[in-house]
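Here is a short report for a first look at this structure. Keep the sequence and the model side by side as you read.

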Amino acid sequence: MSEHQTTSGGESIEISEVLQRLPHRYPFLLIDRATDYVANTSIRGIKNVTINEPFFPGHFPGAPVMPGVLQIEALAQTGALLMSKTLEADISKHLILFMSVENARFKRPVMPGDVMEMPVEVLFQRRNIFKFRGRVEVRGELATECEFAAMKADRPA
């Protein structure tokens, strides 16, 4: 097994490659690494949630909870990572753009100290458009789920 293979057979993607494949940066990069990458099929994003996240002072003071929309953004970034690697997108020339979200459900709060595991699977692909099903899991418990779509587009000049 190579250093980038996981026990499930998929490939691991460390933060250095995440930064090469996604244009997002602090404070908006919401994925630390990924495991179980299988081209055109699936990926598992990992986000370590810390009290230092810039949104916690305002959401909510004394009771920090990660906003649901940012959980969906983390899922979208996980899907974008899968697309970027599968399509060999050059982020200096292309962007992965969020197109839609459907059937979002929030089952439990995500708080500082949690590790978000985000299994994302491809429901279908047509050229540069992907539709996904994603979940946020914390300690094996479902926190958030949704379906979403994204497309690869040329970066504006």
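## Terms and source

Two strands pair if DSSP finds at least two bridges between them. Helices (H or I, at least four residues) and strands (E, at least two) are DSSP runs, numbered from the N terminus.

This is a predicted model, in which local features need pLDDT of at least 70 and side-chain atom pairs count only at pLDDT 80 or more, while totals for chains, interfaces and linings use all residues. Residues are numbered from 1 along each chain as its sequence is written, and side-chain values use heavy atoms, with hydrogens and water left out.

## The sheet

Seven strands make an open sheet with antiparallel pairing. Their order is β1-β2-β3-β5-β6-β7-β4. β1 (11-13) and β4 (94-106) stand at the edges. Each has a single partner strand, so one side of each is left without a neighbour in the sheet. On average, neighbouring strands are turned by 25° against each other, direction ignored. Such angles are taken between axes, which are lines fitted to C-alpha atoms (for helices over the stretch in contact); they run from 0 to 180 degrees between N-to-C directions.

Strand β5 (residues 115-126) has β3 (residues 42-48) as an antiparallel partner, joined by seven bridges. G45 has M118 in β5 as its bridge partner. K47 stands opposite M116 in β5. M116 also stands opposite V138 in β6. β5 and β6 pair in the antiparallel sense over eight bridges. These two strands form a hairpin with two residues between them. In the turn, R127 has a positive phi of about 50°.

## The helix on the sheet

Helix α2 covers residues 68-86, which makes 19 residues. From first C-alpha to last it reaches 27 Å, close to the 27 Å expected at 1.5 Å a residue. The expected span is 1.5 Å times one less than the number of residues. Just after α2, E88 takes a positive phi of about 50°.

How many of the 19 residues of α2 are buried? The count is 17, and the helix is mostly covered. Buried means under 20% relative accessible area, exposed over 50%, and partly exposed in between (1.4 Å probe, protein chains only). α2 packs on the sheet and touches β1, β2 (33-38), β3, β4, β5, β6 and β7. Contact here means heavy atoms within 4.5 Å. The direction of α2 makes about 50° with that of β7.

## Aromatic pairs

The whole structure holds four aromatic pairs. Rings of Phe, Tyr and Trp (its six-membered ring) pair if their centres lie within 6.5 Å; planes under 30 degrees apart count as stacked, over 60 as edge-to-face and the rest as tilted. F55 and F56 form an edge-to-face pair, 4.7 Å centre to centre with 65° between the planes. F55 is buried at 13% relative accessibility, and F56 is buried at 3%.

F132 and F148 form a stacked pair, with 5.0 Å between centres and 25° between the planes. F132 lies in β6 (residues 129-138) and F148 in β7 (residues 141-154), so the pair ties together parts that are 16 residues apart in sequence. F132 is buried with a relative accessible area of 0%. F148 is buried too, at 1%. F98, F130, F132 and F148 form one aromatic cluster.

## Salt bridges

Side chains of opposite charge can pair when their charged atoms come close. A salt bridge is a side-chain nitrogen of Lys or Arg within 4 Å of a carboxyl oxygen of Asp or Glu. The structure holds 17 of them. In one, K85 meets E11, with the closest N and O atoms 3.2 Å apart. This pair links distant parts of the chain: K85 in α2 and E11 in β1, 74 residues apart. K85 is buried at 11% relative accessibility, whereas E11 is partly exposed at 23%. E11, E17, R21, K85 and E88 are linked in a network of salt bridges.

E117 and R44 also meet in a salt bridge (3.1 Å, N to O). E117 lies in β5 and R44 in β3, 73 residues apart. E117 is partly exposed at 33%, and R44 is partly exposed at 22%. R108 and D114 form a further bridge (3.6 Å, N to O). R108 is buried at 14%, and D114 is buried at 5%.
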